[in-house]
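Here are my notes on the model you sent over, point by point. Have it open while you read.

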Amino acid sequence: MEKLDACIRNHDKEIEKMCNFHHQGFVDAITELLKVRTDAEKLKVQVTDTNRRFQDAGKEVIVQTEDIIRCRIQQRNITTVVEKLQLCLPVLEMYSKLKEQMSTKRYYSALKTMEQLENVYFPRVSQYRFCQLMIENLPKLREDIKEISMSDLKDFLESIRKHSDKIGETAMKQAQQQKIFTVTLQKRNNVKFGKTMYINDRIPEERNEVVLKHAFEEEDENEEEVLTVQDLVDFSPVYQCLHIYSVLGDEETFENYYRKQRKKQARLVLQPQSNMHETVDGYRRYFTQIVGFFVVEDHILHVTQGLVTRAYTDELWNMALSKIIAVLRAHSSYCTDPDLVLELKNLIVIFADTLQGYGFPVNRLFDLLFEIRDQYNETLLKKWAGVFRDIFEEDNYSPIPIVSEEEYRAIISKFPFQDPDLEKQPFPKKLPMSQSVPHIYIQVKEFIYASLKFSESLHRSSTEIDDMLRKSTNLLLTRTLSSCLLNLIKKPHIGLTELVQIIINTTHLEQACKYLEDFITNITNISQETVHTTRLYGLSTFKDARHAAEGEIYTKLNQKIDEFVQLADYDWTMSEPDGRASGYLMDLINFLRSIFQVFTHLPTNSSDHAAMSGKVAQTACMSACQHLSTSLMQMLLDSELKQISMGAVQQFNLDVIQCELFASSEPVPGFQGDTLQLAFIDLRQLLDLFMVWDWSTYLADYGQPASKYLRVNPNTALTLLEKMKDTSKKNNIFAQFRKNDRDKQKLIETVVKQLRSLVNGMSQHT
């Protein structure tokens, strides 16, 4: 404290010294201040006044300055807004463009716009709320685009299903026109149409030129209206939907959906209508829809990448082809009209050619056509069976009368008949065959034409076509015509004369077979000398018909003989014969004479026909005599006949004599010696044995080659002798023998015993 006090005192002293030193100056300063005080006040007043005047003068400047500041701020804000708007305007423009594209259904472009917005524009303005709203709205727009494009695709699929038949019809028409054009070019290159289609009635070359001109005129007209599948169908929904799903990364979903829906449509297209087989229009609609379906798929295959693949279309086609073949096989089996079957074949060929042009394999369809060809031949055979029946019904079974050269030339121009002897004869004259022969020949040619129509456009060689024609013609001859002939022969109204005429007719038809072979050869240009060439079986067909007709002649003759024999009314117990032959037998002999006279005097213009007619007459005469002999023998040996007198035997002998006289009178020329009389040899030897009562000779010579009664069977003789024995007991026919010569009765009993012993011995030996 002392030190502090001392320090303070020292400082005070120094302060006092300093103050004393500066006191005068302070006084001077005060004095100066006092002097300037007045001036300061004046200055203050002046400054205040000046300040006031400045303030008054600066008020307007301040106002204008504030306006300037405000304007500068606005200008800066405007510049900022312009900059930001320049940054946002492209975004808004793109979004507006997106909305416009959506409204005009340009969905693929809209998706591209969305990509640009997301990748380029939105990052620049992501801080703004409107941008966030836009970003949030884009996924919804994408879903809307997917739904709309899928809806458009569904509409397209529905539309394409309805228009498939129009597409297919156009495609098939174009394929047919192309085929016609190709064929026409071939014709113009000297491949003459119809050059070898006919034998006697060829198509004139002028007609060929007309056909060619017509074909080219139609081709020129059609060329102006060639439509493609793009002209008929707008495929933009498919392209657009494919692009949209590709952009959205969902291409697989779209492909699976498209293929699934098209497979469903394929099944619907392949489903036929129940009455499809009734008209050709039903088949045409079926084919056009299928063609339209696969034409669309082929177009999609080539203009899109990956939507459909060749493997997919091949799988779909194989499935469809199996179904098509099954449907055609089932429905074509109901077709009974050959014209409808032929139209079906033409449709199948056009159908196959069309799809083959689009790269689809169609070999199975042509294989199916071979099955349908067999059915077509069956329908043709049924149709021609009716034609043949009508021809046979309308025939008069008489030789064709010819009164002029024109008639003769008209017939031989249709039927290949050649007979130099007949040509030398003057008019009027007769052809040996009846009207049915040329008609049958013409119809066989028509059948070949009809069969050839099916073979056209089958992409088969001439050899195969030739083989098909010959086989179908063989079926016509061996089955249809043969059956009609056999049925004709069996008809009750066909008499013996008609049967002989049928035999002559079949001979001419058989001879015409070689001309039919030449006819087929000219059509197909395949020589008959070819190793695998099928021959026509007309020879066997008409031979069988002739044999059947001959057999029917013999049968009808025998039936007539049986009818006459049934009229026989013998009195088997008569004591004396009438002295003349029975009336029924004389009527029968007169009938046989008239019949054989008709046979042998049938109009024939060649030695062949005369020989044939004579052969039939000879065989018929021999058959009739043998049947008559058998019938008479059966009459004697009938089990219901219990008694027979010698008078009845003598009367029966008179009838047999008439039969022998008929046989020896040569009712049919050409028999050698007593050939015809031998038909009655069994009866003659039996009756001679009973008439002369030469039992000792018979029993002694039995079994010897030179026996007088070689043809008399012991059993037959025993049966007849027992009937005579019973008669002698009951009616006393042999009473006079018992009175005059009782040994005769004993002889009969002895002969009966010997015959029984002989018969028993034969039975034991057998």
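**Notes on the model**

1. Glu 666 is partly exposed, with 43% relative accessible area; on this scale buried is under 20%, exposed is over 50% and partly exposed is in between, using a 1.4 Å probe and protein chains only. Helices here are DSSP runs of H or I with at least four residues, strands are runs of E with at least two, and both are numbered from the N terminus.

2. Before going further, some bookkeeping. This is a predicted model, in which local features need pLDDT of at least 70 and side-chain atom pairs count only at pLDDT 80 or more, while totals for chains, interfaces and linings use all residues. Residues are numbered from 1 along each chain as its sequence is written, and side-chain values use heavy atoms, leaving out hydrogens and water.

3. Tyr 397 is another non-glycine residue with positive phi, near 55°, and it lies in the loop between H12 and strand S1 (400-402). At 8% relative accessibility, Tyr 397 is buried. Then there is the peptide bond from Phe 427 to Pro 428, which is cis, with omega near 0°. Pro 428 belongs to the loop between helix H14 (420-424) and strand S2 (429-431).

4. How far apart are the end C-alpha atoms of H1? For its 102 residues the answer is only 107 Å, short of the 152 Å that a straight helix would reach at 1.5 Å a residue. The expected span is 1.5 Å times one less than the number of residues. H1 has a kink of about 45° centred on His 22, where the bend is the angle between axes fitted to the seven residues ending at a residue and the seven starting there. Buried residues in H1 include Gly 58, Cys 88, Tyr 95 and Met 102.

5. On salt bridges, I'd start with the total: the structure holds 26, each being a side-chain nitrogen of Lys or Arg within 4 Å of a carboxyl oxygen of Asp or Glu. Have a look at Asp 49 and Arg 52, whose closest N and O atoms are 2.2 Å apart. Both lie in helix H1 (residues 2-103), 3 residues apart, or about one turn of the helix. Asp 49 is partly exposed at 29%, and Arg 52 is partly exposed too, at 44%.

6. Other salt bridges connect separate helices. Glu 118 pairs with Arg 142, with 2.8 Å between the closest N and O atoms. That pair links distant parts of the chain, with Glu 118 in helix H2 (residues 107-121) and Arg 142 in helix H3 (residues 129-162), 24 residues apart. Glu 118 is partly exposed at 33%, whereas Arg 142 counts as buried at 19%.

7. Glu 510 and Arg 546 form a salt bridge with closest N and O atoms 2.6 Å apart. Here the distant parts are helix H17 (residues 496-524), holding Glu 510, and helix H18 (residues 538-566), holding Arg 546, 36 residues apart. Are the two residues buried or exposed? Both Glu 510 and Arg 546 are buried.

8. Now the cysteines. How many disulfides does the structure hold? There are 0, with a disulfide taken as a pair of cysteine sulfur atoms within 2.5 Å. The sulfur of Cys 131 has its closest cysteine sulfur in Cys 88, but at 8.2 Å that is too far for a bond. Cys 131 is buried, with 0% relative accessibility, while Cys 19 is partly exposed at 46%.

9. Last, a contact across the sequence. Leu 368 is in helix H12 (residues 363-394) and is buried, at 2% relative accessibility. Leu 368 and Arg 329 are 39 residues apart in sequence, yet their C-alpha atoms are 7.7 Å apart in space.
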